[in-house]
Amino acid sequence: MSMDNTRVLMVTDCNPQSQLFIDYIRQQLDCQVSALSTQESFEPPEDFKIVVLLDADHVDENCMHLWNSRASESPDMILAAFNLRDDEHAAELLISLHLQGVFYRQDNLLLICKGIAKLLEGDLWMSRNLMTRLIDFYRRQQLNAYRPVCGLTHRELEIIGLLGTGASNTEIADQLFVSEHTVKSHLYNIFRKIKVHNRIQAMNWARQNLGAPPMISLRSPRKVRTT
C-alpha cells in the first residue's frame, strides 16, 4: 500500500530509546513517524490515515480515554496500545477503549512494524488467544444482559455504560436527552448503590460486574488479522 498519506504517532515518554523506535518504524514502513508526550496537544492532520500508539507504560487511564474520544470522532484515526503486559492487560483495556491493535512488551520491532502496516490497511491486530477471550466475553454479556444488578435501574445501567466510554456529564445528558442535573442525581444514586466514591471506581466496578462488551470500533468493515 502507498504510505504517502499515512502517519504513525507514538504517545509516550520522549527519550533516546523512543527515538530509536521511531527511526526503526520510519525505516521499515517509509511513512511519517513522530512522538508526542502526554502533556502535548495534538491536531490530527487532514486527509491522513494515522495510527496512534499509546504507550501503556507512560499513558495513564484518563489520557487513554481522551485519545479514545478523539479516535471516535475521527474516522481516519486508528487507536492501538503497546507495551502491554499480557492478554489479561489487553482485555482490560479493550473493555473501555476502541483499540484496533495491541502489542506486547515481548513483541520484537519487526513484528510491531508488521502489525502497524496491517492496521493501516484496515485490519485488526491482536493474538488468537485474545480474540477467543473477546468472543467468550460477548457470550457472557449476552447471558447477563437482562439480569438485574445491585438494584440498578435501566436508566442507571445506561448511564454507567456511557460513563465507561469516558463521556462527561454533559455528553451523557445530551445522549439521553435529559438535564445535566438529572445525570448528577443518577450518578449519586449509582455510587451509593454500588458503594463507590468516584467515576473511576464506578467504571472499574462496571467492568468487573456488568461484563460490558469490549468496544472495538466498527466504523467500516474490517478483516481480522491475528498474530
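Buried here means under 20% relative accessible area, exposed over 50%, and partly exposed in between, with a 1.4 Å probe and protein chains only. Phe 82 has 6% relative accessibility, so it counts as buried. Phe 21, at 11%, is also buried.

Some ground rules. This is a predicted model, where local features need pLDDT of at least 70, side-chain atom pairs count only at pLDDT 80 or more, and totals for chains, interfaces and linings use all residues. Numbering runs from 1 along each chain as its sequence is written, and side-chain values use heavy atoms, without hydrogens and water.

Now the aromatic pairs: ring centres within 6.5 Å, using the six-membered ring for Trp, with planes under 30 degrees apart called stacked, over 60 edge-to-face, the rest tilted. Searching the whole structure gives two. Phe 21 and Phe 82 are edge-to-face, at 5.8 Å centre to centre and 70° between the planes. Phe 21 is in helix α1 and Phe 82 in strand β4, so the pair ties together parts 61 residues apart in sequence. Helices (H or I, at least four residues) and strands (E, at least two) are DSSP runs, numbered from the N terminus.

The other pair, Phe 42 and Trp 67, is tilted, at 5.6 Å and 40°. Phe 42 sits in the loop between β2 and β3, and Trp 67 in helix α2, 25 residues apart. Both are buried.

What sits over the ring of Trp 67? The charged end of Arg 70, 4.4 Å from the ring centre. The criterion is NZ of Lys or CZ of Arg within 6 Å of the centre and within 35 degrees of the ring normal.
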